Amino acid sequence: MDFRIEYIVIVLICLIIAIAIVRSKKKDFNLEANKLIMLLGGKDNVIDYEFNKSRFIVNLKDVSKANKEGIQRMGAQGIVEIDNQLKIILGSDAKQIKKHINELK
């Protein structure tokens, strides 16, 4: 009987550790959206934006205020600049970030 209890305790401990690891790796998309807006030069620098699948397309008043290196470090898979527009490839996180950016506007 004691033998089974030890296995149950070990399994429970492993489950608790696994849950803690998964939670610690979860992104805070609200924080990510705020950081992205700041890296784009702030809320006042953003004229308009749209999401197209994995891309975030944003028109800026002054594209020189955007910190493209910071956006890359944040996890963007690529950035294309055309005039005052940035096309930022966000990948699978785009949908979640879109939700939080829409809440900021």
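Helices (H or I, at least four residues) and strands (E, at least two) are DSSP runs, numbered from the N terminus. By that rule the protein chain holds four helices and four strands, and along the sequence they follow the pattern α-α-β-β-α-β-β-α. The model is predicted: local features need pLDDT of at least 70 and side-chain atom pairs count only at pLDDT 80 or more, while totals for chains, interfaces and linings use all residues. Residues are numbered from 1 along each chain as its sequence is written, and side-chain values use heavy atoms, with hydrogens and water left out.

We begin with the chain as a whole. A residue is called buried under 20% relative accessible area, exposed over 50%, and partly exposed in between (1.4 Å probe, protein chains only). Of the 105 residues of the protein chain, 30% count as buried. The chain exposes about 7,600 Å², and carbon and sulfur atoms supply 56% of this area; accessible areas come from the Shrake-Rupley method with a 1.4 Å probe, and for residues only the protein chains shown count as cover. A contact means heavy atoms within 4.5 Å. Among contacts with a separation of 6 or more, 56% are between residues 24 or more positions apart.

Next come the strands. Two strands pair if DSSP finds at least two bridges between them. The four strands make an open sheet in the order S1-S2-S4-S3, with antiparallel pairing. S1 and strand S3 (78-82) stand at the edges with a single partner strand each, so one side of each has no neighbour in the sheet. On average, neighbouring strands of this sheet are turned by 15 degrees against each other, direction ignored; the axes behind this value are lines fitted to C-alpha atoms, for helices over the stretch in contact, and angles run from 0 to 180 degrees between N-to-C directions.

Strand S1 (residues 46-52) pairs with strand S2 (residues 55-60) in the antiparallel sense over six bridges. Within this pair, Val46 stands opposite Leu60, and Asp48 has Asn59 as its bridge partner. S2 also pairs with S4, again in the antiparallel sense, over five bridges. Here Arg55 has Ile89 of S4 as its bridge partner, and Asn59 stands opposite Gln85.

Gln85 lies in strand S4.

Now to the turns. S1 and S2 form a hairpin with two residues between them, and Lys53 is found in that loop. Lys53 has a positive phi of about 55 degrees although it is not a glycine. Most residues other than glycine have a negative phi. Is Lys53 buried or exposed? Its relative accessibility is 78%, so Lys53 counts as exposed. The C-alpha atoms of Lys53 and Gly91 are separated by 8.2 Å, although the two are 38 residues apart along the chain. Asp83, in the loop between S3 and S4, is another residue that is not a glycine but has a positive phi of about 55 degrees. Asp83 counts as exposed because its relative accessibility is 67%.

The last part is the interior. A nonpolar core is a set of buried Ala, Val, Leu, Ile, Met, Phe, Trp, Tyr and Cys residues joined through side-chain atoms within 4.5 Å. The largest one has 21 residues, and those with the most contacts inside it are Leu36, Leu40, Phe56 and Ile88. Two or more residues come from each of helix H2 (29-39), S1, S2, helix H3 (68-74), strand S4 (85-89) and helix H4 (94-104). H2 gives the most to this core, with four residues. Leaving aside neighbours within four places in sequence, Leu36 is in contact with Phe56, Ile71, Met74, Ile88, Ile97 and Ile101.
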